[in-house]
Amino acid sequence: MSQFKSLYLEGTWKNNPALVQLLGLCPLLAVTSTVTNALGLGIATLLVLVGSNLTVSVVRNWVPKDIRIPVFVMIIAAFVTVIQLLMNAYTFGLYQSLGIFIPLIVTNCAIIGRAEAFASKNTPLLSVWDGLMMGLGFALVLFVLGAMRELLGQGTLFDGAELLLGDWASVLRIEVFSFDHQFLVAILPPGAFLGLGLLIAAKNVIDHQIKTKNAVPATEQVKGPRARVTNLN
């Protein structure tokens, strides 16, 4: 259980692929203009991570070391193709909105990195858990960044949720406040860079506070008794 807990903390916080490793930034910065887009890409990436980690762990003993990277890329590409076809069939509006960034999941360094660094060296159960936690950590950053940009740029949350969850989800749209004109800096790419920078800074501040709180205060050096010399004369 300690290993599962360690993988949970690594994926969601300590070694988060977006905030610490800074991997997969291209789709992260490009599609997080709304919560719906962020959730769509986050869920797709999570499913690919779990599936590829499981498959790589199962076949790891039969893959020669010299060709392991091409084999891992083919496995990841197969799962991305499945996810792409499913989104095309059931969430076509979201599929069009995400566009090229769905097939680009294949080149996400976080997925290839976990396949090489973890799944190829561990059991299927641990590999699935690692993929789930890394995918969850990546999806959470996508969600928070998408919420920040949508709220500041449009004054709404869950705009276009029906593209991901169906027609019934249109009731999830929340208008927090209204703008006469959209705040374009938040919606355009510069807003993504600024938002991600704020999230990284917030994480660093929290980590510093935790480290300071848990630091053991330096104990004063205990001085031994002084030897006293008496004059025998």
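Close-up 1. Leu 194 sits in helix 10; helices here are DSSP runs of H or I, at least four residues long, and strands are runs of E, at least two long, both numbered from the N terminus. This is a predicted model, where local features need pLDDT of at least 70, side-chain atom pairs count only at pLDDT 80 or more, and totals for chains, interfaces and linings use all residues. Residues are numbered from 1 along each chain as its sequence is written, and side-chain values use heavy atoms, leaving out hydrogens and water. Leu 194 counts as exposed because its relative accessible area is 54% (buried is under 20%, exposed over 50%, partly exposed in between, with a 1.4 Å probe and protein chains only).

**Close-up 2. The covered side of helix 10.** Buried residues in helix 10 are Gly 191, Ala 192, Gly 195, Leu 196, Leu 199 and Lys 203. Their cover includes helix 1 (2-14), helix 2 (25-30), helix 7 (124-154) and helix 9 (184-187).

**Close-up 3. Ile 200 meets Leu 19 and Leu 22.** Ile 200 is also part of helix 10 (residues 189-214). Setting aside neighbours within four places in sequence, Ile 200 is in contact with Leu 19 and Leu 22 (contact means heavy atoms within 4.5 Å). Ile 200 and Leu 19 are 181 residues apart along the chain, yet their C-alpha atoms are separated by 5.7 Å.

**Close-up 4. Leu 22 and its positive phi.** Look for Leu 22 in the loop between helix 1 and helix 2. Its phi is positive, about 55°, although Leu 22 is not a glycine. Most residues other than glycine have a negative phi. With a relative accessible area of 42%, Leu 22 is partly exposed.

**Close-up 5. Phe 158 in its loop.** Phe 158 lies between strand 1 (156-157) and helix 8 (162-165). Phi is positive here too, near 60°, and Phe 158 counts as partly exposed at 25% relative accessibility.
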